[in-house]
2 protein chains.
Amino acid sequence: MIETPYLLFLGDAPDQLAVKVAQGIKDWRPDNAVGQLRMEGCKADVGLTDMTLAQAKEAGAKTLVIGVANRGGTISAAWRAVLVEALEAGFDLASGLHNLLRNEPELVSVAQKNGCKLHDVRIPSVQYPIASGVKRSGKRVLAVGTDCSVGKMYTALALDAAMQERGMKSSFRATGQTGILITGEGVPLDAVVADFMAGSIEYLTPPNDDDHWDVIEGQGSLFHVSYSGVTLALIHGGQPDALILCHEPTRKTMRGLPDYELPTLEAVRDVALTLARVSNPNCQVVGISINTQHMTKDEAEVYLAEIEERFGLPAVDPFRQGAARLAEALARL
Amino acid sequence: MIETPYLLFLGDAPDQLAVKVAQGIKDWRPDNAVGQLRMEGCKADVGLTDMTLAQAKEAGAKTLVIGVANRGGTISAAWRAVLVEALEAGFDLASGLHNLLRNEPELVSVAQKNGCKLHDVRIPSVQYPIASGVKRSGKRVLAVGTDCSVGKMYTALALDAAMQERGMKSSFRATGQTGILITGEGVPLDAVVADFMAGSIEYLTPPNDDDHWDVIEGQGSLFHVSYSGVTLALIHGGQPDALILCHEPTRKTMRGLPDYELPTLEAVRDVALTLARVSNPNCQVVGISINTQHMTKDEAEVYLAEIEERFGLPAVDPFRQGAARLAEALARL
């Protein structure tokens, strides 16, 4: 477990997208963060108080969380000085980067000297089983997307919050580093060895009360050729009773794949349902989550109405509207 | 590279299925094996001369290949004595087991003392890239199955042999430990970290002559909930121009999943083609490979004729008939 509260390290982030991790913590567990630490040239801001290490220590922060992603997931030389200083001030460090804190000899040595912990949430800490496919009690809902980074984690977190507000039993189940840093537990699915991917999701969403919902964070897309295998392992390991389709309507090509156009929501619905019904024959698509951040309010409303009619399902932007209507659709199931 | 020729270690195999690795080497690269080594109680036989370590050494064998799989992929105590003896006699060891030779302190120490190598082909030896999805020159064919262990590797090896016989340019591309032990190279896909699965297949099947075919060994099944993610990574990383459907018609439930019935060939064709066309819009199913080992010759002929009519595609059992008609279908493409 990572000790809270955090100080969020934004480093020298070139833009707001690079601090997705910090933004997620600020949005979903604001009580877990006392402030943000920005270096000179930082172009991002998650809206927390700017603090020095000393000020954050004074405010009770226990862990410096690296809330920024570098290209390639590396720990840059510019950051290292700050991280060493944090360890010397008695902070633990937590990171979801590909390059691991534990592989940086200087950080390891200073951490040891000061009795501080290095948390690499990017790395599985469990030996997951091979998936058995055995039907589990309890209910599960999974966010599946037309592309990567269309708002699947946001949708799952908003849905979990809306379900709790209705008095439903639900647990957000993190499958990526941001979600793990937010909730303190989960499966870093993209770092799991191929054979154990589906098994890790069975492990993450064990048998539960019949009226309990696991709200599983999605990853990748069945149509994203770099990561589609991860998505299918989520579908088959998760045995979802319900799928939420996630989409960003202004995106022209798949993230990181300039030669690939986005699939239609219909294409995603059809192939995702076909595959989901292998592990859960009763699986249904219950709603659609649209990321309208690049549309005006009016454009978004027109688009959402059109999608509702086209699919006969509730379509919402959980950021603008909350996920109450998606929670309602699950309650009806 | 693993030094040939081999002595094939069958250990105390409980049945013939357990020596799939040794059988594959014997069937496809018989010149690579001088004989087989069986312990007391061994219930398997791949039809090579039984030899002691000394006899095999005399016959020129360089490497003892563990050609048998234990439940759970472990190296049993009963085997260890033989393996130590082999190292003391100067053999290298090669293994595709989950449990690694390099993690057995006694084997490591004896190997060092005798200057012998321990090859764990189960473990990737390369840092694979994330898949780029960029279209590559050359052609690729992939075997996809209704289930695990229905004959996908056999089909790919037979197809490669038939294509070479026709004078076509082809390379068998191994994606599992048996295939790697047979050809001496390949990607141990089930041991690759999730994010790099599709990229490892791009790496395995690089740009090539326009008339060259990579014949990619399949893994798992889109309908096998434990391993389906691996299969989808093969489809998207491989960018196949052609698919061969593989099936074992007498099997009632999915391998290792007693609650799951096999999908129809039609279901596999439809979902595999839909997904394959994401990375290669021209992909086609060109033929069907049926494993008729549990049918009589007459039953097999009736079944194959029925399948040919149902799908309008060549349907063969490559073990009984060779894969010439599948190679012909590729040549026509």
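Trp28(A), Tyr154(A) and Phe319(A) together make up one aromatic cluster. The model is predicted, so local features need pLDDT of at least 70 and side-chain atom pairs count only at pLDDT 80 or more, while totals for chains, interfaces and linings use all residues. Residues are numbered from 1 along each chain as its sequence is written, chains are lettered from A and ligands numbered from 1 in the order in which they are written, and side-chain values use heavy atoms, with hydrogens and water left out.

Over all chains, the structure holds 8 aromatic pairs. In the definition applied, rings of Phe, Tyr and Trp (the six-membered ring of Trp) pair if their centres lie within 6.5 Å; planes under 30 degrees apart count as stacked, over 60 as edge-to-face and the rest as tilted. One of these pairs is formed by Phe9(A) and Trp79(A): the ring centres are 5.7 Å apart and the planes stand at 90 degrees, so the pair is edge-to-face. This pair links distant parts of the chain, with Phe9(A) in strand 1 (residues 6–11) of chain A and Trp79(A) in helix 3 (residues 77–88) of chain A, 70 residues apart. Helices (H or I, at least four residues) and strands (E, at least two) are DSSP runs, numbered from the N terminus. Phe9(A) is buried, at a relative accessible area of 0%, and Trp79(A) is buried, also at 0%. Here buried means under 20% relative accessible area, exposed means over 50%, and partly exposed lies in between (1.4 Å probe, protein chains only).

Trp28(A) belongs to helix 1 (residues 20–28) of chain A and Tyr154(A) to helix 5 (residues 152–165) of chain A, so the pair ties together parts 126 residues apart in sequence. Trp28(A) counts as buried at 17% relative accessibility, whereas Tyr154(A) counts as partly exposed at 22%.

Rings also take part in contacts with charged groups. In chain A, Lys57(A) lies over the face of Phe91(A), 4.9 Å from the ring centre. In chain B, the charged end of Lys57(B) sits over the ring of Phe91(B), 4.9 Å from its centre. The criterion is that NZ of Lys or CZ of Arg is within 6 Å of the ring centre and within 35 degrees of the ring normal.

The interface between the chains comes next. The size of an interface is often given as the accessible area lost when the parts come together. Between chain B and chain A the buried area is about 2,900 Å², of which carbon and sulfur atoms give 62%; buried area is the accessible area (1.4 Å probe) that two parts lose on being put together, summed over both. In terms of contact (heavy atoms within 4.5 Å), 37 residues of chain B meet 37 residues of chain A.

Between chain B and chain A there are 2 salt bridges, a salt bridge being a side-chain nitrogen of Lys or Arg within 4 Å of a carboxyl oxygen of Asp or Glu. Asp195(A) and Arg122(B) meet through their side chains in a salt bridge (3.4 Å, N to O). On the side of chain B that touches chain A, the elements giving two or more residues are helix 7 (197–204), helix 8 (228–238), strand 11 (257–261) and helix 9 (265–279) of chain B. Helix 8 of chain B supplies the largest share of that side, 6 residues.

Within chain B, Asp120(B) is placed in strand 5 (residues 118–120) and is buried, at a relative accessible area of 5%. A polar contact of 3.0 Å joins its side chain to that of Arg102(B).

Most residues other than glycine have a negative phi, and most peptide bonds are trans. The peptide bond from Thr4(A) to Pro5(A) is cis, with omega near 0 degrees, and the bond from Thr4(B) to Pro5(B) is cis, with omega near -5 degrees. Gln239(A), in the loop between helix 8 (228–238) and strand 9 (242–247) of chain A, has a positive phi near 45 degrees and is buried, at 1%.

Note on methods. Polar contact = N/O pair within 3.5 Å; in protein donor to acceptor, adjacent residues only side chain to side chain.
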